[in-house]
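Morning, everyone. I'd like to walk through the packing of one model, helices and then the sheet. Have a look at the display.

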Amino acid sequence: MTEQNAIANYYKYTGKKTFNFTTALVDMDGVLFDSMKNHTRAWVKLMKKNGIKCTRDEFYMYEGMTGRDIIKMKFKDGAGKNITDDEAQALYKVKTRYFTELGDVEMIDGTLSLLKALKAAGIKCVLVTGSGTQSMLDRVDADYEGIFDEQRVTAADVKRGKPNPEPYLKAMAKVNAQPNECIVLENAPLGVQAGHTAGCFTVGVTTGPIAEKDMYKAGADIVYPSMAAMEEALPALIEALKTQK
Ligand code: MG
């Protein structure tokens, strides 16, 4: 997929005729931080303790959903239990403790450089995450100092998390942006689906075990194999986004 083909395709299915790139809506886990390995480990531990069968791989596919939604779904499907929001919240606290006990996570290679390049091109960056893990949210401002707009969307802001488009729609409303002004930066199929359904030009970067084809299947407009590859393609992407239908 070339950048030119990707934008031509976007115009075709959205019916839009122009794209005025002003804003990048940026996911956190797997985009800013290499945190998914520890998240999937913590999920498996929580499920095992509660007698619910699971594999570690499946949690990569749920990435983007809020913890509350994942817990409700797994308890229903795996144990036939309908659990309340409060119970889900209490279990999420336990999962967060397991995650924290696994230690600090690294930043994803190349993301800081990519986001700096976006900022230098005059693009506003907004954090949009399904996470409610405060230790990680606190690290964003320290590790990505000066990158993000003060507006952000986290698990606390939405009723329906990814793959529902609500997080991205909320973010656009907060910064007064239209879908054809925004690119979404995601690493997981459900997050891609949310960005795509919100009407944004959605970029997938495969920073974990998920295949490129699964990102396209979820609705990605273009997929890059790394943040460095996306940064290298950024001038071409910005140029292509200026194309009119
Ligand atoms: Mg992610």
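A definition to begin: angles under 35 degrees count as roughly parallel, over 145 as roughly antiparallel, 65 to 115 as roughly perpendicular and the rest as oblique. Now the ground rules. This is a predicted model, where local features need pLDDT of at least 70, side-chain atom pairs count only at pLDDT 80 or more, and totals for chains, interfaces and linings use all residues. Residues are numbered from 1 along each chain as its sequence is written, and side-chain values use heavy atoms, with hydrogens and water left out.

Helices (H or I, at least four residues) and strands (E, at least two) are DSSP runs, numbered from the N terminus. Axes are lines fitted to C-alpha atoms, for helices over the stretch in contact, and angles run from 0 to 180 degrees between N-to-C directions.

First pair. Helix α2, residues 36-49, and helix α5, residues 85-101, have axes that come within 8 Å and cross at roughly 130°. α2 and α5 are therefore oblique to each other. Who makes the contact (heavy atoms within 4.5 Å)? From α2, the residues include Ala-42, Trp-43 and Leu-46; from α5, they include Leu-91, Tyr-92 and Phe-99. By class, this contact has eight nonpolar, two polar and four charged residues. The classes: Ala, Val, Leu, Ile, Met, Phe, Trp, Tyr, Cys and Pro are nonpolar, Asp, Glu, Lys and Arg are charged, and the others, Gly among them, are polar.

Second pair. Helix α4, residues 67-79, packs with α5 at about 105°, the axes 9 Å apart. That makes α4 roughly perpendicular to α5. Ile-71 and Phe-75 are among the α4 residues in this contact, and Ala-88 and Leu-91 among those of α5. Five nonpolar, one polar and three charged residues make up the contact of α4 with α5.

Now the sheet. Two strands pair if DSSP finds at least two bridges between them. Six strands form an open sheet, in the order β3-β2-β1-β4-β5-β6, with parallel pairing. β3 and β6 (222-224) stand at the edges with a single partner strand each, so one side of each has no neighbour in the sheet. Neighbouring strands are turned by 25° against each other on average, direction ignored.

β2 (residues 124-128) and β3 (residues 148-153) run parallel and are joined by three bridges. Leu-127 has Arg-152 of β3 as its bridge partner. Val-128 has Val-153 of β3.

Last item. α7 lies across β2 and β3, running at about 165° to β3.

Conventions. Contact means heavy atoms within 4.5 Å.
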